[in-house]
Amino acid sequence: MNDLGIFTTIVTAFAVLAMGLGVLGPGIGMGMAIAKALEALARQPEAEKSIMRWLLIGLAMIESLAIYVLVVVLIVLFRSPMLDYLLHK
Amino acid sequence: MNDLGIFTTIVTAFAVLAMGLGVLGPGIGMGMAIAKALEALARQPEAEKSIMRWLLIGLAMIESLAIYVLVVVLIVLFRSPMLDYLLHK
Amino acid sequence: MNDLGIFTTIVTAFAVLAMGLGVLGPGIGMGMAIAKALEALARQPEAEKSIMRWLLIGLAMIESLAIYVLVVVLIVLFRSPMLDYLLHK
Amino acid sequence: MNDLGIFTTIVTAFAVLAMGLGVLGPGIGMGMAIAKALEALARQPEAEKSIMRWLLIGLAMIESLAIYVLVVVLIVLFRSPMLDYLLHK
Amino acid sequence: MNDLGIFTTIVTAFAVLAMGLGVLGPGIGMGMAIAKALEALARQPEAEKSIMRWLLIGLAMIESLAIYVLVVVLIVLFRSPMLDYLLHK
């Protein structure tokens with residue numbers, strides 16, 4: 001098996017594994033935030049607008065973590081920067 | 001075993017493993033959110049419409065994390081970008 | 001398989017895996033912070049400005065942890081400093 | 001594969017993995033601290049100045065842990081002290 | 001691969017990994033301590049001086065744990081005591 005075969009195999013496998021691993025923390029974190037937001041909403045229904053504005057800002061910041069992982073995974077899958085060293089050898 | 005055989009074997013195995021791993025966090029997170037939503041609903045039954053609207057928005061955002069994993073897994077399974085390097089060698 | 005092939009394969013695989021691992025802690029931590037912020041907001045709606053100013057400062061500090069990981073991953077992927085020893089050998 | 005190739009490959013891979021692992025604890029710890037600070041702020045809004053001074057001192061001390069990891073990772077990546085033994089052999 | 005190559009490779013890799021692993025506990029521990037200190041501060045604002053003196057002493061003792069790891073990692077990286085046995089053989 002040549003270099004290119006090993007590279008594409010292992011890198012593709014680890015990239016998809018990293019994506020699966022990368023949503024573990026954000027998934028639990030977003031669940032915590034939403035849970036408390038709904039509890040807060042039940043205690044103070046008149047503050048719905050204020051609670052939910054901040055919940056959405058918070059979810060967007062957690063979502064950004066998952067997007068970092070997605071961006072790195074897509075860079076590695078579609079345009080892996082180290083592949084040039086193997087192709088133009 | 002040639003390059004293509006190893007590539008398809010390992011990549012398919014890791015892709016399906018990543019999908020299984022990727023629903024772990026979102027699954028727990030959605031459980032937390034729904035649990036608190038039902039608790040909030042029992043405390044404030046008249047706020048059902050408001051609680052459930054925000055629960056659905058929150059669940060949709062957690063769901064998006066699992067969709068990222070699904071998209072990456074489907075890209076890798078159906079149209080793996082690195083497979084070209086092995087086919088047009 | 002030569003040096004360059006092994007280097008690019010393993011380093012790319014571990015870099016993307018590290019990114020997936022690196023958002024686990026920050027994701028859970030941000031979820032905790034947002035959850036308590038919303039609970040605090042429901043208890044003291046008049047303190048919204050003060051609570052949210054400090055929540056955003058806190059989230060920015062947790063986000064900085066994820067950015068450290070992202071920076072190290074991008075350095076390693078695009079301009080790995082140890083690659084020179086392999087190229088100009 | 002010669003010494004230099006194995007050294008650069010394994011060291012770069014472990015360095016980036018250590019960075020991903022090193023933000024796990026600080027990320028969760030900072031989340032805990034910020035969460036309780038906001039809860040305290042809601043209970044004693046008049047003590048904001050005092051609470052937040054100590055929160056920032058605490059976050060700075062947790063951040064220092066992540067900086068230790070970052071410094072060691074960057075030392076190893078850019079100027080690994082043991083590389084001399086391999087280069088000037 | 002000779003002795004020196006194996007020694008420097010494995011030692012550097014594990015040293016940086018140990019640094020990443022070594023801040024896991026202190027990071028979570030410091031977060032717990034700061035969280036409860038701020039909660040205590042909100043309950044007894046007039047005891048700020050006393051609470052925070054002891055928080056800083058506690059954080060310094062937890063920080064010392066991470067410094068132990070840092071010192072050992074730096075000793076191993078820059079002046080590994082067992083390296084003499086390999087060099088002056």
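Which residues of chain A does the UniProt annotation "transmembrane region" cover?

1. The record, an unreviewed UniProt entry, places the annotation "transmembrane region" on residues 6-34 and 54-78 of chain A; UniProt positions are given in the numbering used here, feature names are shortened, and annotations may be inferred rather than shown by experiment. This is a predicted model, in which local features need pLDDT of at least 70 and side-chain atom pairs count only at pLDDT 80 or more, while totals for chains, interfaces and linings use all residues. Residues are numbered from 1 along each chain as its sequence is written, chains are lettered from A and ligands numbered from 1 in the order in which they are written, and side-chain values use heavy atoms, with hydrogens and water left out.

2. The two annotated spans can be set beside the computed secondary structure, where helices (H or I, at least four residues) and strands (E, at least two) are DSSP runs, numbered from the N terminus. Residues 6-34 of chain A are 97% helix and 0% strand, and the end C-alpha atoms of this span lie 43 Å apart. Residues 54-78 of chain A are 100% helix and 0% strand, with end C-alpha atoms 35 Å apart.

3. The next point concerns chain A and chain C. Their contact (heavy atoms within 4.5 Å) takes 47 residues from chain A and 46 residues from chain C. Between them the two chains bury about 4100 Å², 80% of it on carbon and sulfur atoms; buried area here is the accessible area (1.4 Å probe) that two parts lose on being put together, summed over both. Across this interface there are seven residue pairs in polar contact, both residues at pLDDT 80 or more. A polar contact is a pair of N or O atoms within 3.5 Å; within protein, one must be able to donate a hydrogen and the other to accept it, and residues adjacent in sequence count only if both atoms are side-chain atoms.

4. On the side of chain A that touches chain C, the elements giving two or more residues are α1 (3-22), α2 (24-43), α3 (48-78) and α4 (83-87) of chain A, and the largest share, 18 residues, comes from α3(A). By class, this side of chain A has 34 nonpolar, eight polar and five charged residues, where Ala, Val, Leu, Ile, Met, Phe, Trp, Tyr, Cys and Pro count as nonpolar, Asp, Glu, Lys and Arg as charged, and the others, Gly among them, as polar.

5. Side chains of opposite charge can pair when their charged atoms come close. The structure holds 18 salt bridges over all chains, each being a side-chain nitrogen of Lys or Arg within 4 Å of a carboxyl oxygen of Asp or Glu, and two salt bridges are counted between chain A and chain C. One pairs A:Lys36 with C:Glu39 at 3.0 Å, N to O, and crosses from helix α2 of chain A to helix α2 (residues 24-43) of chain C. Both A:Lys36 and C:Glu39 are buried, with buried meaning under 20% relative accessible area, exposed over 50%, and partly exposed in between (1.4 Å probe, protein chains only).

6. A salt bridge also links A:Glu48 and B:Arg53, at 2.5 Å from N to O. A:Glu48 lies in helix α3 of chain A and B:Arg53 in helix α3 (residues 48-78) of chain B, so this pair joins two chains. A:Glu48 is buried, with a relative accessible area of 18%, whereas B:Arg53 is partly exposed, at 38%.

7. Within chain E, E:Glu39 forms a salt bridge with E:Arg43, the closest N and O atoms being 3.4 Å apart. These residues both lie in helix α2 (residues 24-43) of chain E, four residues apart, about one turn of the helix. E:Glu39 counts as buried at 12% relative accessibility, and E:Arg43 counts as exposed at 54%.

8. Chain D and chain E also meet, with 47 residues from chain D and 48 residues from chain E in the contact. The area buried between chain D and chain E is about 4100 Å², of which carbon and sulfur atoms give 80%; in chain D, the residues losing the most area to chain E are D:Trp54, D:Tyr68 and D:Met82, together 16% of what that side buries. Two salt bridges are counted between chain D and chain E, and the side chains of E:Glu48 and D:Arg53 meet in a salt bridge at 2.6 Å, N to O.

9. Some chains do not touch: chain B and chain D have their nearest C-alpha atoms 15 Å apart, and for chain A and chain E, which do not touch either, the nearest C-alpha atoms are 15 Å apart.
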